[in-house]
Amino acid sequence: MNAPPFKPATQRVIDACRRAGLNVDVVQHGESTRTAEDAARACGCAVGQIIKSLVFQRRDDETPVLLLVAGDNRVNEKAVAGVLGAALKRPDAAYVRSLTGYAIGGIPPLGHATPLATFMDEALLVHARVWAAAGTPDTVFAVDPAALRDAVGATVLRVA
């Protein structure tokens, strides 16, 4: 049960979840959930159950991609580049915000201003429930990772 009123960014995430067929409840915390560690503390879960929504660009043509990464994993850019067929680079925060409509620390796995090719860390799928940012650095929602994968059309890969 969501408890409006939420900030417009969070409401966009709630609406995107509904459109995608995901029934989620957004939780607003009194503390920051900006980092995976902060979010895990606030949610009372393991860091690996937190989804980091990371935007990269292909170096060859600058096409943006979204990686949904387990909170306890670091992206092995060379390995992921091998799967994607192009080296990756990290864009700056202003570019990410203009592309997604959200500030870093609150980027959700769906509901972006620009549709993004999405890839999901296979490590997320070992959990029955994972937590994702809901548009702001203090809002999150829990979701079945397989349902999220299907809802966003993510390609599963190993990121670590």
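**Close-up views of a predicted model**

At 43% relative accessibility, glutamate 62 counts as partly exposed. Every view described here comes from a predicted model.

**View 1. Glutamate 62 and lysine 89 form a salt bridge.** The closest N and O atoms of glutamate 62 and lysine 89 are 2.9 Å apart. Side chains of opposite charge can pair when their charged atoms come close.

**View 2. Arginine 58 has polar contacts with two aspartates, Asp60 and Asp61.** Salt bridges with shared partners link Arg58, Asp60 and Asp61 into one network. The side chains of arginine 58 and aspartate 60 are joined by a polar contact of 2.7 Å. For arginine 58 and aspartate 61, the polar contact between side chains is 3.4 Å. Arginine 58 is part of strand E2. Is this arginine buried or exposed? Arginine 58 counts as buried, because its relative accessibility is 18% and the limit for buried is under 20%.

**View 3. Arginine 58 also has contacts beyond its sequence neighbours.** With residues up to four places away in sequence left aside, arginine 58 is in contact with Thr63, Leu84, Gly85, Ala86, Ala87 and Leu88. Lysine 89, seen in View 1 with glutamate 62, is 31 residues from arginine 58 in sequence. In space, the C-alpha atoms of arginine 58 and lysine 89 are 6.4 Å apart.

**View 4. Serine 53 is a buried residue of strand E2.** Strand E2 covers residues 51-58. The relative accessible area of serine 53 is 9%. Which residues does serine 53 touch, not counting those up to four places away in sequence? They are Leu66, Leu67, Leu68, Ile107, Pro108 and Pro109. For isoleucine 107, the backbone oxygen lies 3.3 Å from a polar atom of the serine 53 side chain.

**View 5. Strand E5 pairs with strand E3 and with strand E8.** Strand E5 spans residues 117-121 and is mostly covered, with 4 of its 5 residues buried. Strand E3 (residues 64-70) runs parallel to E5, and the two pair over 4 bridges. In this pairing, leucine 67 has phenylalanine 119 of E5 as its bridge partner.

**View 6. A salt bridge joins aspartate 15 and arginine 18 within helix H1.** The N to O distance between the side chains of aspartate 15 and arginine 18 is 3.8 Å. Helix H1 covers residues 8-19, and the two partners are 3 residues apart in it, about one turn of the helix. Aspartate 15 is partly exposed at 29% relative accessible area, whereas arginine 18 is exposed at 53%.

**View 7. A salt bridge joins aspartate 38 and arginine 41 within helix H2.** Between these side chains the N to O distance is 2.6 Å. Helix H2 runs over residues 36-43, and aspartate 38 and arginine 41 are 3 residues apart, about one turn of the helix. Arginine 41 counts as exposed, with 60% relative accessibility. How many salt bridges does the model contain? The count comes to 7.

Terms used: Residues numbered from 1 in each chain as written. Predicted model: local features only at pLDDT ≥ 70, side-chain atom pairs only at ≥ 80, totals over all residues. Heavy atoms only, no water. Buried < 20%, exposed > 50% of the residue type's maximum accessible area, 1.4 Å probe, protein only. Polar contact = N/O pair within 3.5 Å; in protein donor to acceptor, adjacent residues only side chain to side chain. Contact = heavy atoms within 4.5 Å. Pairing = 2+ DSSP bridges. Salt bridge = Lys/Arg side-chain N within 4 Å of Asp/Glu carboxyl O.
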